[in-house]
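Let's take a friendly walk through a protein structure together. Have a look at the sequence and the 3D view, and then read on.

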Amino acid sequence: VITVYAVVGAGDLEAMRGELDARALRAVRFGRLAAIVGEAGEDACAVTEERLWEHEQTVESLMRHGDVLPVRFGAVLGGEQELAELLAGREQELTGALGAVAGRVELAVRARFSADPVANPEEPGDVQRPGAAYMSSLLERRRAAEELAGRIDRELAALASASTARTLPAPTQPMTGAYLVDRDAVEPFRARVQELDAEIAEAEIVCTGPWPPYSFAGAREEAA
Amino acid sequence: VGTGRAEARIRGGQDVTLLDLLDRLLQGGVVIQGDVTLAAADVDLVSLSLRLAVASVDSLGRDLAGPVRRRDGDA
């Protein structure tokens, strides 16, 4: 049983060799690409925070030596033969995806309302129609989130080669976004996030990363 | 192999980093569907339980450290 961490260009395998050896990983070649795999234990399907971080750190270690397409956590297969068959028809698709992220990393941005945008949420509102007051407060929060998300995303998308953002992923968070930026543009991007955080009183905005380009690895239909 | 939790604190607050990790590893990335691949329902359950674990901390934790972790290969 194996688990798959990333897809890389075959040309980068030599640079990644030390990392592969140190982590007991193997490369499964398919055309100009290779999938990086490792042995999975019997508990391969048990997911914990530790295992998520192990996957992340493995992908990051590869990313230090070349471009990577990170594979979604949980790709557990019976063996290399099964993997090779699954990937046989996807070389062109994955080569295109790898080219789009080459030399770039992903930065995550998340905003949180500094204060609840709904005025006096504790008040009962229209006591005759409490459901209407509740619906109205939901709409008010969504409108506030859309305004903030639009502004933040517009500013940051201009600094990225690709981006994807969600409005109101949680009641306390007006937006979260992922931005694909050149490796040498990470610092300017971070600086802009800090400026926006200072400029926009209604929200706290933080940035994490650089991450491997999970949000730009090809599963675009699901990002909508 | 270092410990993930230590890195999380460096990155920008443990909780926001874990949320960002979940969004990426469970919803992003190349999808390779094998026979034993983690079922979507399992992923949803895991994601939910980990999210609930961090949901109680209503903060982005930006004061804990610089927001972007510097990696060896950068700069």
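Among contacts in chain A between residues at least 6 apart in sequence, what percentage join residues at least 24 apart? The figure is 74%. Keep in mind as you explore that this is a predicted model.

**Chain A as a whole**

Chain A has 7 helices and 9 strands. Along the principal axes, its C-alpha atoms fill a box of roughly 65 × 40 × 30 Å. Of the 224 residues in chain A, 48% are buried.

**Aromatic pairs**

Now let's turn to the rings. A pair of aromatic rings is described by how far apart the centres are and by the angle of the planes. Searching the whole structure, over all chains, gives 2 aromatic pairs. Here they are side by side:

| Pair | Centre to centre | Angle between planes | Arrangement |
|---|---|---|---|
| A:W53 and A:W211 | 6.5 Å | 20° | stacked |
| A:Y179 and A:F189 | 5.4 Å | 45° | tilted |

Why is the pair of A:W53 and A:W211 called stacked? Planes under 30 degrees apart count as stacked, and the planes of these two rings are at 20°. A:W53 belongs to helix α2 (residues 49–63) and A:W211 to strand β9 (residues 203–211), so this pair ties together parts of chain A that are 158 residues apart in sequence. Both A:W53 and A:W211 are buried.

A:Y179 counts as buried because its relative accessibility is 0%, and A:F189 counts as buried at 1%.

**Two residues of helix α5**

Is A:Y134 buried or exposed? A:Y134 is exposed, with a relative accessible area of 52%. This residue lies in helix α5 (residues 130–157) of chain A. Together with A:M135 and A:L138, A:Y134 makes a nonpolar surface patch of about 310 Å².

A:R141 is also placed in helix α5, yet A:R141 counts as buried because its relative accessibility is 14%. Leaving aside residues up to four places away in sequence, A:R141 touches A:F113, A:D116, A:P117, A:V118, A:L168 and A:P171.

Key. Residues are numbered from 1 along each chain as its sequence is written. Chains are lettered from A and ligands numbered from 1 in the order in which they are written. This is a predicted model: local features need pLDDT of at least 70, side-chain atom pairs count only at pLDDT 80 or more; totals for chains, interfaces and linings use all residues. Side-chain values use heavy atoms; hydrogens and water are left out. Patches are made of residues with over 30% relative accessible area and no salt bridge: like charges are joined within 9 Å, nonpolar side chains (Val, Leu, Ile, Met, Phe, Trp, Tyr) within 5 Å. Accessible areas come from the Shrake-Rupley method with a 1.4 Å probe; for residues, only the protein chains shown count as cover. A salt bridge is a side-chain nitrogen of Lys or Arg within 4 Å of a carboxyl oxygen of Asp or Glu. Helices (H or I, at least four residues) and strands (E, at least two) are DSSP runs, numbered from the N terminus. Buried means under 20% relative accessible area, exposed over 50%, partly exposed in between (1.4 Å probe, protein chains only). Rings of Phe, Tyr and Trp (its six-membered ring) pair if their centres lie within 6.5 Å; planes under 30 degrees apart count as stacked, over 60 as edge-to-face and the rest as tilted. Contact means heavy atoms within 4.5 Å.
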